[in-house]
Amino acid sequence: MGLRPVANWSAPSTGTLGKNMLVVHASQTGNAERIARLSAAAFPGATVRSLATLDQDSLRAARRALFVVATYGEGDAPDRARKFEVTTMATPIDLGTLDYAVLALGDREYRDFCAFGHRVDAWLHASGGRRLFDRVDLDGADIDAERHWQQQLSAIAGAAIQPDWQRADYTPWTLVSREHVNPGSPGGAVYRIMLAPHAPTIWTPGAIAEVLPRHDPARVDRWLARVGRYDDSALRETLLDKILPDDGGDCPAPLQALAHRDYSIASIAASGAVELLVRACPGPDGGLGIGSGWLTKVAPIGGAILLRIRDNPGFGPVEPTIPIVLIGNGTGLAGLMAHLRDRAAVGGAPAWLLYGERSGAHDRPFAAELETLSTDGSLSRIDRAFSRDAECDRYVQHLAADAADEMLEWAERGAAIYVCGSLAGMASAVDAALRAILGDARLEEIAEQGRYCRDIY
Ligand SMILES: Cc1cc2nc3c(=O)[nH]c(=O)nc-3n(C[C@H](O)[C@H](O)[C@H](O)COP(=O)(O)O)c2cc1C
């Protein structure tokens, strides 16, 4: 992974280091954009652009470029970069004068780890671009890979990268209440969780709460019993927020902390509380999943939950004058509620909600509030589909297809389309329905303009 000497490299001088340096991001949930901006700070004067806004000419004009590129869906480009991939990246272009480097962001739990970053790198290389250094793949919060990228940038910049790239600390929030919102549902129990900050905190609609979970003590006890250390109370305490080691019994040092879990925030900052919709999911050991178990059962009411808030620019608010179509299923309603509540608070163009769940009798979270928003005109239309109801048996994508003419009309009026909920099934089916209604080219254009916004998981 040695550094290739850069031709015509002159000694850096303050303020001009970033001359001819383009820093490009392709981001869905904000990580790639954040790292691109941090990377650009090492090159004063560098230009930061979203991949979606680039064309062949702007790439050819750049002498040096850093690409910070996330992968989404199943090995796909982030929504806004999809059009770039199918058009500009369709064939190699002449980038014989470009020196570049790629930081690919991804998650090893996906089969197509960093796939889009790999495709960008391969295309730049096939186009004649010269690698400043080998591509770096960054899995989640892999500190080593991040440091490696920083070191490579330091070598190019000719100066150590000083800024602290670590994110803000998790802070304690009080668990105010948890309410089971779908008793009797054929689906898993969903809870409305309210969290109050210890100090005033603001966020933008679309933001994500990153919650640090803790184990159910009973799970840790079972582990201690299995490895014959049931009386080790110090270890028990230590393990509550760590990944439980394999049953061999030897604890690796250091123990790895449990990773945070992401939840879409349903409330707006003006409400003064973070509100989440969390489904209790089964874990592999028969108990509840660690993250959902912590929020829906284990954490005591009145106790502290450690979390931090991450802005999610790809799912942020549009101008109030733009109508919004909100499409989602299950707990995805949380991310949509934030936009609906923001629209109701700020005023502006109308909103339309299309929502899918299982049972019309039991799965109606926020029903009373949605009724009020309909009455006061903030929500001009609401369509619901219930997949397990005998007389309905339909999903949210069917709602979109049934209302094709109205969807076209809303698109004509420049509406932004927000999709929030499950990746498996819902997101791709809704995407296909929208393509059938609006056409591929139109949907890609809307995406490129930042008006097809998805928060899917
Ligand atoms: C719905 C979804 C699908 C994802 N699919 C992939 C994938 O196929 N391959 C991969 O390596 N990472 C995948 N990831 C992980 C993201 O690439 C990773 O979280 C990255 O840091 C996101 O960067 P961003 O915030 O700039 O979008 C996925 C993440 C989500 C939420």
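Select the ligand together with Asn31, and you will find an oxygen atom of the ligand 2.7 Å from a polar backbone atom of Asn31, a polar contact being a pair of N or O atoms within 3.5 Å. This is a predicted model, in which local features need pLDDT of at least 70 and side-chain atom pairs count only at pLDDT 80 or more, while totals for chains, interfaces and linings use all residues. Residues are numbered from 1 along each chain as its sequence is written, and side-chain values use heavy atoms, with hydrogens and water left out.

Now show the whole shell of 20 residues around the ligand, where a residue counts as near if one of its heavy atoms lies within 4 Å; Ser27, Gln28, Thr29, Ala32 and Thr71 come nearest.

Move on to the open sheet of six strands, which runs in the order E10-E9-E12-E7-E8-E11 with antiparallel pairing; strands are DSSP runs (E, at least two residues) numbered from the N terminus, and two of them pair if DSSP finds at least two bridges between them. Colour E10 (261-264) and E11 (274-279), which stand at the edges with a single partner strand each, so one side of each has no neighbour in the sheet.

Finally, select E7 (residues 171-180) and E12 (residues 304-310), which pair in the antiparallel sense over four bridges, and look for Thr171, which stands opposite Leu307 in E12.

Terms used: Polar contact = N/O pair within 3.5 Å; in protein donor to acceptor, adjacent residues only side chain to side chain.
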